[in-house]
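Visitor: I have a structure I would like to go through with you. Could you take me through its interfaces and a few local details?

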Amino acid sequence: MRERIDCDVAIVGGGIVGGSAALFLRQAGLSVTLLERDWCGAKASGVNFGGVRRQGRPLEQLALSQRAHAIWGRLPELIGTDAEYVRSGHLKLARSEADLASLVAYRERSRGFGLDLEIIEGEAFRRRWPALGERAVGGSLCPEDGHANPRLVSPAFARAAAALGAVVREQTAIERVEKDGGRFVLLAKRELAAGELEVRARVLLNTAGAWSRRVADAFGEAVPLESLHPNMAVTEPLPRFLDVNIGVEGGGVYGRQVLRGNMVVGGGRGFALDPDRARPQRDAVLTLMRDAAELFPQLRHAHVIRCWTGVEGYTPDRNPVIGPSRTTPGLYHAFGFSGAGFQIGPAVGQTLAELVTAGETAMPLEAFRIDRFPPAPPDNP
Amino acid sequence: MALLQRVAEQGRRVVHFTLDGRPAEALEGDTVLTAMLTNGERLRRSEFAGSPRAGFCLMGACQDCWVRTEEGERLRACGSFIADGMRLLSEGEWGGGLSGEGSS
Amino acid sequence: MGRRIERGGVVVTAELPTAKLPTAELPPVIVGAGPAGIRAAERLVAAGLRPVVVDEAARWGGQIYRQPPEAGGPGGGFTRPKSALYGFEAGKADAVHRAMAAIRDRVDYRPRTLAWNCEAGALDLLCDGESLVQPFSRLILATGATDRVLPFPGWTLPGVFTLGGSQVALKFQGCAVGRRVAFLGTGPLLYLVAYQYLKAGVEVAGVFDTTPFAVQARAMAGMLRDPSTLAKGLLFVGWLRAHGVPVHNGVRPLRAEGTERVEALAWRYADGREHRVSCDAVAFGLGLRSETQLADLAGCRFRFDAADRAWLPERDGAGRSSVAGVYLAGDGGGIAGADAAELAGERAAFALLEDLGRPVDAARVRELDRRLGGIATFRRSLNAAFPFPADWAATVADDTMICRCEGVTAGALRGVARSGQAREINRAKALTRTGMGRCQGRMCGATAAELLAQALGTGPDGVGRLRAQPPIKPLPVAATPSPLAGARSGREVA
Ligand SMILES: Cc1cc2nc3c(=O)[nH]c(=O)nc-3n(C[C@H](O)[C@H](O)[C@H](O)COP(=O)(O)OP(=O)(O)OC[C@H]3O[C@@H](n4cnc5c(N)ncnc54)[C@H](O)[C@@H]3O)c2cc1C
Ligand SMILES: Cc1cc2nc3c(=O)[nH]c(=O)nc-3n(C[C@H](O)[C@H](O)[C@H](O)COP(=O)(O)OP(=O)(O)OC[C@H]3O[C@@H](n4cnc5c(N)ncnc54)[C@H](O)[C@@H]3O)c2cc1C
Ligand code: FES
């Protein structure tokens, strides 16, 4: 037996991007079917570092990032939970004068976007963050950036969409997509129910995260997308010593202390078990612990209680693909966030909803066109 | 009053340590857990509720017995042995809330 | 170092193991120096191999044959003879200890060493603050078991210990967990440990068995004919009664009372009558649970085992897992007791030798297979005599703490199940933190599965399996990598 659903918009992938798109589309009154192979928000969106950060993003992302900032400010009203989101500030450390200079340069370049970056150095820096003072010459603070619990935020978007009437199907993997005249036809395999599911929709959103290439390929839009696996670790709860989300200019380790006292740190990469699953890599874990202990001496006697990673799609220029297909009317892509899609995810969802309902958006998406890459060799699984 | 009661093997050499700053005695071969719980009735307080904890499994499974030394080290009490001069704490760190040492 | 695979439209970079010694030169590695691990090592040594034997404990023997701290070593001066430590099992304990002593210079024995991860043909070991990569050609996991528990109000109070822990206090430290101890739960350890306490001169406030008397009496008849050590536990019931210890059957705990420590145990019979007994300690357990994290990280396939009510790594009769070169022996692969662990350890070693193409003593293998074959029957009668109290989940109050590490309540877990947010245990973990703390679900895993199943109207087999994550026990941030581990950190901005 085959179940059939007809709707305005079908969304493949229930991460923070697909989930928020579903929510905003429902708010606009369209009928929406959200299809998720796993559980909504269980992949990258639910296992990421939890950094809700605008600072440091390429300028072309800042308009979207600002839009997201406004959405993050309304979380309880939108999704019924604050998901441990705090505007703690994001402090980017400079370990050298040269790094500090590049932070200053970024502040100048990003002026006008409303990040309100503040450069703090020398004695003032040490007075303000005695816990960090010795390891950095200064830093750039984005006071309204922060962090949140991804395990709670991301599923909540899909849940909120469902509460507004979106059809949300989990454990439902899209196996085939095609366009039949004016409508997209999706065939899904279901883990929890017998028989196939067929979804027909006027519009298709490809928000399948690291797996989006399969959908793009199906419409002749081969894009170079690579799966990588940022490495994460969390310590046992420790007395609070850090109230800002910390990054380091030039990369390396990053860390945040959650309200309960656990210190979450990230850096290095895990490895793939298969295309769907990844594991932290032993050397990366040990290197991360060493780097973290060097940056945060408060961790000297602490223990790591859990390590993990996730599967994230990276593009060659580390900017996402967002916007309409160049081959197929009615198809929109949003993927390839290259390790930074958690913060902007909800704004991407909102922007997709605008594109679908109004056919246009005020958001500058030129840098995210899907046809900016030379075509990648087509996929043959 | 002590939580654990010695019922055998009491002829071992005495080891001197401190518990929350006060001098205390244990026997050589005691785990840190035994040393603390023959002198007191808890190992630590839970980080979140402040309720007392004294270990549970004694075999390295439950992780309920992590204690602190005055130097800031953390020991799994059921799997570490007491040594002369150890300065162990069953109080402190969390002080009821999550605002502790450090700053910023 | 990287390998690029293209599958399912996704380019995957797979990191290969760091250590690239040729497989033929690598030793077999055994995790666990209990009865299973020791008998496995003995058999490999007899075949001319030199296995690495890793154990977190300071001395060999495992759980049941745990030795007191070494005299003159870090500890000192423990004098009780084996007859006092192991009772009826002294002979077996001595034989297992001697077996290891006899091969001591022909194995690479690593005491005080935790295997915290398993990745691509190598274990990660932690010893004295140093993390070491230990590649293996073959791996025998003989990781044993610890107590299985379910929560009741007050179970985190000082003075509530597991049954196994209460025995460890006595055997390993010469201490009782209290002056007047109540023994609560089910399983052979319940009566055994109560007996050992009484013998040591400790007052036993009572034995509170969750199994109804009639059920147990029926199952016991079959058990008493079984020569295995676990079955002997039942012999102690009579002895305890004869010594005036009240034995209550069909009991459910209501709460451990007290604010800073245990002062009493409140309990009820199935018919609802409430009772209270004063005590300063509660020794509590509901049978055992296997340590399966390393098997999980090694990639072994799991199946739900109805007898143990748990997900266990698949193993064939000889101990082969679903992963070539990885073997499971002893209670780490399913609870069957110490005698079975010895047999299974030796059998797994034979399997390893067979797989290496070495000649094996076929008569001995047949003998082992025959004796191991009887274990399934034994496990059935064990579970009949000490059934898991399956109704527990339904009666746990919403405000009962189920996760000691993270302080999660039963209500929080039920909430995500009933609202449809979690239909699976890893999802429930993500949403509530149950199983996310320091113990990685060792203490709350069974509870979470039972509660979730109950809330969703399915069985514990219907809610999935809590996945293991490295490190399987807390790893010091200050752990220093061994020389083998090369720095290979990517640069990342988040
Ligand atoms: C470890 C880690 C740390 C990170 N840290 C941060 C950070 O601190 N800050 C930040 O901003 N970003 C961070 N990121 C990036 C961020 O998590 C991602 O960019 C973002 O979550 C992407 O959201 P998504 O919805 O596109 O993808 P996903 O969350 O991966 O969602 C895609 C969904 O599509 C589903 N799917 C795929 N194929 C199919 C199919 N055929 N049928 C049905 N469903 C399908 C998948 O199951 C998945 O749930 C991090 C990422 C990782 C992995
Ligand atoms: C307290 C207690 C008392 C028991 N008493 C009895 C009894 O009286 N009769 C009976 O038949 N059964 C008893 N059992 C059941 C017992 O588990 C088995 O009978 C027997 O000990 C199983 O032997 P084993 O070799 O499989 O595992 P164990 O004896 O449990 O040995 C496993 C060993 O592996 C080590 N280990 C585990 N994981 C790691 C790791 N990641 N890294 C390094 N080392 C590791 C442990 O330190 C341990 O020494 C008892 C169990 C417990 C917990
Ligand atoms: S008491 Fe359980 S780990 Fe120490």
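Guide: Chain C is divided into domain 1 (2-146 + 289-358), domain 2 (149-286) and domain 3 (392-462), with bounds that come from an automatic or database domain assignment. This is a predicted model, in which local features need pLDDT of at least 70 and side-chain atom pairs count only at pLDDT 80 or more, while totals for chains, interfaces and linings use all residues. Residues are numbered from 1 along each chain as its sequence is written, chains are lettered from A and ligands numbered from 1 in the order in which they are written, and side-chain values use heavy atoms, leaving out hydrogens and water.

Visitor: How far apart are the C-alpha centres of domain 2 and domain 3 of chain C?

Guide: Those centres lie 25 Å apart. The contact (heavy atoms within 4.5 Å) takes 13 residues from domain 2 of chain C and 10 residues from domain 3 of chain C.

Visitor: And what area is buried between these two domains of chain C?

Guide: About 1100 Å² is buried between domain 2 and domain 3 of chain C, and carbon and sulfur atoms give 70% of it. Buried area here is the accessible area (1.4 Å probe) that two parts lose on being put together, summed over both. On the side of domain 2 of chain C, L150(C), P151(C) and W155(C) supply 51% of the area buried against domain 3 of chain C, more than any other three residues.

Visitor: How many salt bridges and polar contacts cross that interface?

Guide: The rule finds 0 salt bridges between domain 2 and domain 3 of chain C, a salt bridge being a side-chain nitrogen of Lys or Arg within 4 Å of a carboxyl oxygen of Asp or Glu. It finds 3 residue pairs in polar contact, both residues at pLDDT 80 or more. A polar contact is a pair of N or O atoms within 3.5 Å; within protein, one must be able to donate a hydrogen and the other to accept it, and residues adjacent in sequence count only if both atoms are side-chain atoms.

Visitor: By class, what is on the domain 2 side of chain C?

Guide: The side of domain 2 of chain C that touches domain 3 of chain C has 9 nonpolar, 2 polar and 2 charged residues. Ala, Val, Leu, Ile, Met, Phe, Trp, Tyr, Cys and Pro count as nonpolar, Asp, Glu, Lys and Arg as charged, and the others, Gly among them, as polar.

Visitor: Let us turn to chains B and C. How many residues does each give to the contact?

Guide: Chain C gives 52 residues and chain B gives 39. The two chains bury about 3900 Å² between them, with 57% of it on carbon and sulfur atoms. In chain C, F161(C), R261(C) and R438(C) lose the most area to chain B, together 17% of what that side buries.

Visitor: What is the count of salt bridges there?

Guide: The count between chain C and chain B is 7 salt bridges. In one of the model's salt bridges, the side chains of E47(B) and R438(C) meet at 2.8 Å, N to O. There are also 19 residue pairs in polar contact between chain C and chain B, both residues at pLDDT 80 or more.

Visitor: Which element of chain C gives the most to the side that touches chain B?

Guide: That is α4(C), with 7 residues. Helices (H or I, at least four residues) and strands (E, at least two) are DSSP runs, numbered from the N terminus. By class, the side of chain C that touches chain B has 24 nonpolar, 16 polar and 12 charged residues.

Visitor: Which residues come nearest to ligand 1?

Guide: Of the 35 residues around ligand 1, E36(A), S45(A), I174(A), E312(A) and G341(A) come nearest; a residue is near a molecule or strand if one of its heavy atoms lies within 4 Å of it. A backbone N or O atom of I174(A) lies 2.9 Å from a nitrogen atom of ligand 1. A backbone N or O atom of F342(A) is 2.9 Å from an oxygen atom of the ligand.

Visitor: Finally, where is the cis peptide bond?

Guide: The bond from P470(C) to P471(C) is cis, with omega near -10 degrees. P471(C) lies in the loop between α16 (445-456) and β26 (475-476) of chain C.
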